[in-house]
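Please find below a note for a colleague, arranged as numbered points. It is to be read beside the sequence and the model.

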Amino acid sequence: MKFDKLVGIIGWPVSHSLSPAMHNRAFLSLGLEGWCYVAMPVASEPISRVKDAVFGLRALQYRGANVTVPHKETVVPYMDRLSKTARAIGAVNTIVIDQQGQLVGHNTDALGFTNDLHDHQIDVKNMHVLVLGAGGSAKAVVYGLLSQGCKNISVENRTKSKARDLVQPFRHQFKDAKLNIDVSIDDKKQAHLVVNTTSLGMSDTREQMPWDQNLVFKSEQIVYDLIYNPPTTTFLAFAKKNKAKAINGLGMLVHQGALSFTLWTGQNAPIAAMKSAAEEALLQRDFF
Ligand code: ATR
């Protein structure tokens, strides 16, 4: 078979990424010929490697790529154009290479997150949402929430200055939203939705959670953890024990991938097939 429509993922590490399984299943499921999605490990140092990799995609006639940790912000200056969302978030997770060879940077994380909230019938318009963490994924989550009309968001981060830097540009863009970084116990008790965007709960911090265990959840609270490996983090297990609704990040992963798929192929993504492929690939992996 001839593979002449290549896409893939740039990051470090990417050997555990579920995206190749998810996208290759999607190509198969729609019978799209010639498409292939590959993992492309790109080291952070020297930084010129990231630039070489991005420009190399054009030289190699790739149709596009996903960009993951730790390069989502690094690739921004190498883009010829940015979507409104990528510009607002300051990070690119999807590159489209158009027919003129122009690199167009998109960010599908924000809409991927809110599409998954939609799947769970969660409407954030009148909710108070507490976001834990202030890294790249927190920025996409906060932008997604604001775009969906959420007017009350609290951001708690170990390094408070990063929470401040995160909310500041959004204060100008979304003037009627309340963006709070002085998170009180009451904020935690009253938040309708709590979203973990920190890495606490993954790999060597699997036993930990970004929450005080003396603070129990009420059954009407919703806890969303962006982590999907392990599928039930210590945080989600705690939420479940308190009878709160607990959601992991697999749905967001699938939705951001589905949106990238559509940007590259122009086709509606086979979301159910992509989700099955991601779940199957996850079962074959050890915890990382
Ligand atoms: P990502 O792109 O996945 O969001 P990131 O930008 O590196 O990754 O952000 C990681 C987030 O997890 C940050 O909010 C980080 O807190 P700091 O800004 O204080 O570094 C948070 N984080 C990572 N390890 C943590 C830990 N042990 N305790 C609390 N927060 C942690």
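Which helix gives the most to the lining of the second largest pocket? Helix 10 does, with five residues.

1. Basis. This is a predicted model, in which local features need pLDDT of at least 70 and side-chain atom pairs count only at pLDDT 80 or more, whereas totals for chains, interfaces and linings use all residues. Residues are numbered from 1 along each chain as its sequence is written, and side-chain values use heavy atoms, with hydrogens and water left out. Helices (H or I, at least four residues) and strands (E, at least two) are DSSP runs numbered from the N terminus.

2. The pocket. The second largest pocket holds about 250 Å³ of space. Of its 17 lining residues, Asn248, Leu250, Gly251, Lys275 and Glu279 are the closest to its centre. Helix 4 (109–119), helix 9 and helix 10 (271–283) each supply at least two residues of the lining. On a 1 Å grid over the protein atoms alone, a pocket is an open set of points where a 1.4 Å probe fits, with protein on both sides within 12 Å along at least five of seven lines; lining residues have an atom within 4 Å of a point. The volume is the space filled by probe spheres set on the points, which are joined across faces, edges and corners.

3. Six strands form an open sheet in the order 2-1-3-5-6-4, with mixed pairing (two strands pair if DSSP finds at least two bridges between them). Strand 2 (35–41) and strand 4 (81–82) are at the edges with a single partner strand each, so one side of each has no neighbour in the sheet. Strand 3 (residues 64–67) and strand 5 (residues 94–97) run antiparallel and are joined by three bridges; asparagine 66 stands opposite threonine 94 in strand 5.

4. Helix 2 (residues 48–59) lies across strand 1, strand 2, strand 3, strand 5 and strand 6, at about 35 degrees to strand 5. Contact means heavy atoms within 4.5 Å; axes are lines fitted to C-alpha atoms, for helices over the stretch in contact, with angles from 0 to 180 degrees between N-to-C directions.

5. Helix 9. Just after helix 9, glycine 266 takes a positive phi of about 75 degrees.

6. A second open sheet of six strands has the order 9-8-7-10-11-12, with parallel pairing. Its twist averages 15 degrees from one strand to the next. Strand 10 (residues 193–196) pairs with strand 11 (residues 222–225) over four bridges, with tyrosine 224 as the bridge partner of valine 195. Helix 4 lies across strand 10, strand 11 and strand 12, at about 140 degrees to strand 11.

7. Backbone points to check. Most residues other than glycine have a negative phi, and most peptide bonds are trans. A cis peptide bond joins glutamate 45 and proline 46, with omega about -10 degrees; the bond from valine 69 to proline 70 is also cis, with omega near 5 degrees. Glutamine 121 has a positive phi near 55 degrees and is exposed (over 50%), at a relative accessible area of 71%.

Note on methods. Buried means under 20% relative accessible area, exposed over 50%, partly exposed in between (1.4 Å probe, protein chains only).
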